[in-house]
Each structure stands twice: as C-alpha cells, then as structure tokens.
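Dear colleague,

Please find below the structure that I am handing over to you. My findings follow it, arranged by region.

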Amino acid sequence: MRYHPLPRTAMPVVALATLVLVLWIGWGSVRSPAALWAPGDLSRYHVDIAGCTHCHEPFRGPSPARCVGCHSERYFESRSAPAVMTWHREMVAQRTACTACHTEHRGALAQITDQSRVNPHGEFVFRATGTASCTVCHEFGARVATRPMLRDAPVVKRLYEKGRGAHRPGLMTD
C-alpha cells in the first residue's frame, strides 16, 4: 500500500478538526464520564449486574462465554418453554453470538431481543401489560422464529375483554 501524504494546505484543517474532537471528548468525559464509556442504561433483566466486565471482555465487547456463565442450560430449563430452551441450545452449539439477537444498553423498559425477531407490540409492551416475557402471552413452536400462538393467559383474556386485541401496537395501555 502506498502512502499519499496530505497536501500542506489540508494540515490546518486536520489539526483544527483533531483539536475540536479532543476538546469535545474531553468536555464530554468531564460532564458525563459514564456516558463516554457506557452507551446507555441496562435493561431490567440485567440492572443488577455490578460491572462492565461481568458481560464484556476487555477491549472485545460482550462475550458469549460470559452470557452462558449466567444463562446456563439449567437456567433455561428452569425459566423457559421447552421450544425456547431447545432453540437456544442449538444456537449455542452453532456458536452463534448472543448479540446476534439480543441487544443491551437501550434502557430499563426496552426489549433486548431484536434484529431478526420483531416485536410487533413495540418496546414498552412489558410495561403496558405488566408482563416480563413474550412467553407469558405466546406459545412458540419448535422454532422461535415461527409464528407464535396466543396462550390462554389472564393478560391475553384481559386484552381481549377490552376489545382492543393483542396485536395492535399502541393499544396495549388504558
């Protein structure tokens, strides 16, 4: 690769841009040091985590090995529907990164599952319904990505009784 030096006339612009960037980062780190390093608040699921290295490898980011440290197979057996547990087991066997589907640092009420799986209700459905998981209202098939069935659950009945349906974003609150 051949190096092409900047023209002399560009040097003051580069120096000024570098100075502005350094001042902006310095001012931001003094004003809000946590915001410089932390991209946002943790979800309600992980709010009890004490430090960044609980989930992140230094200089590498979130680590699937650290995710599995808490979300073990025993954890899934005790808390998940069998189809959800099987699906996660397959993802771990395929060495799929947890961050391929789950995202953190979007706030306490945000959902942490995104990308290929779309929550048709929006991020605040859990607060609106008082639920803590998709599986409170939905039964998933052999694969989580398939269309889920509604459960015969009190929260689903309550939504139907209100006459608003369970699949209309924005109509979940009173």
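In helix α5, the buried residues are Ala83, Val84, Met85, Trp87, His88 and Met91. Please note that the model is a predicted one. Helix α4 is among the elements that cover these buried residues of α5.

The length of α5 was also checked.

Glutamate 73 and arginine 89 meet in a salt bridge, at 2.6 Å from N to O. Glutamate 73 belongs to helix α4 (residues 73-79) and arginine 89 to helix α5, so this pair ties together parts that lie 16 residues apart in sequence. Glutamate 73 has a relative accessible area of 41% and is therefore partly exposed. Arginine 89, at 36%, is likewise partly exposed.

Just after α5, arginine 95 adopts a positive phi of about 60 degrees, although arginine 95 is not a glycine. This residue is placed in the loop between α5 (82-93) and α6 (125-129). Its relative accessible area is 77%, so arginine 95 is exposed.

**The overall fold**

The protein has seven helices and four strands. Along the sequence they follow the pattern α-α-β-β-α-α-α-α-β-β-α. The protein has 174 residues, of which 21% count as buried. Of the contacts between residues at least 6 apart in sequence, 41% join residues at least 24 apart. The protein exposes about 13000 Å², and carbon and sulfur atoms supply 62% of that area.

**The region of β1 and β2**

Which residue in the loop between β1 (56-57) and β2 should be noted? It is phenylalanine 59 that is placed there. The phi of phenylalanine 59 is near 65 degrees, a positive value in a residue other than glycine. With a relative accessible area of 89%, phenylalanine 59 is exposed.

Serine 63 is located in the loop between β2 (61-62) and α3 (64-70). Is serine 63 buried or exposed? Its relative accessibility is 8%, and because a residue counts as buried under 20%, serine 63 is buried. Apart from its neighbours within four places in sequence, serine 63 is in contact with Cys55 and Glu57.

Glutamate 57 also takes part in a salt bridge with arginine 66, in which the closest N and O atoms are 3.1 Å apart. Glutamate 57 has a relative accessible area of 28% and is partly exposed. Arginine 66, at 27% relative accessibility, counts as partly exposed too.

How many salt bridges does the structure hold? There are four salt bridges in the structure. One of them joins the side chains of arginine 151 and glutamate 139, at 3.0 Å from N to O. This pair links distant parts of the chain, 12 residues apart: arginine 151 is in the loop between β4 (149-150) and α7 (154-161), whereas glutamate 139 is in strand β3 (residues 138-139). The relative accessible area of arginine 151 is 27%, and this residue is partly exposed. Glutamate 139 counts as partly exposed as well, at 35% relative accessibility.

**A nonpolar patch**

Leu16, Leu19, Val20 and Leu23 make a nonpolar surface patch of about 400 Å². One of these residues, leucine 23, is found in helix α1 (residues 11-31). Leucine 23 counts as exposed, at 54% relative accessibility.

Yours sincerely

Technical notes: Residues are numbered from 1 along each chain as its sequence is written. This is a predicted model: local features need pLDDT of at least 70, side-chain atom pairs count only at pLDDT 80 or more; totals for chains, interfaces and linings use all residues. Side-chain values use heavy atoms; hydrogens and water are left out. Helices (H or I, at least four residues) and strands (E, at least two) are DSSP runs, numbered from the N terminus. Buried means under 20% relative accessible area, exposed over 50%, partly exposed in between (1.4 Å probe, protein chains only). Contact means heavy atoms within 4.5 Å. Accessible areas come from the Shrake-Rupley method with a 1.4 Å probe; for residues, only the protein chains shown count as cover. Patches are made of residues with over 30% relative accessible area and no salt bridge: like charges are joined within 9 Å, nonpolar side chains (Val, Leu, Ile, Met, Phe, Trp, Tyr) within 5 Å.
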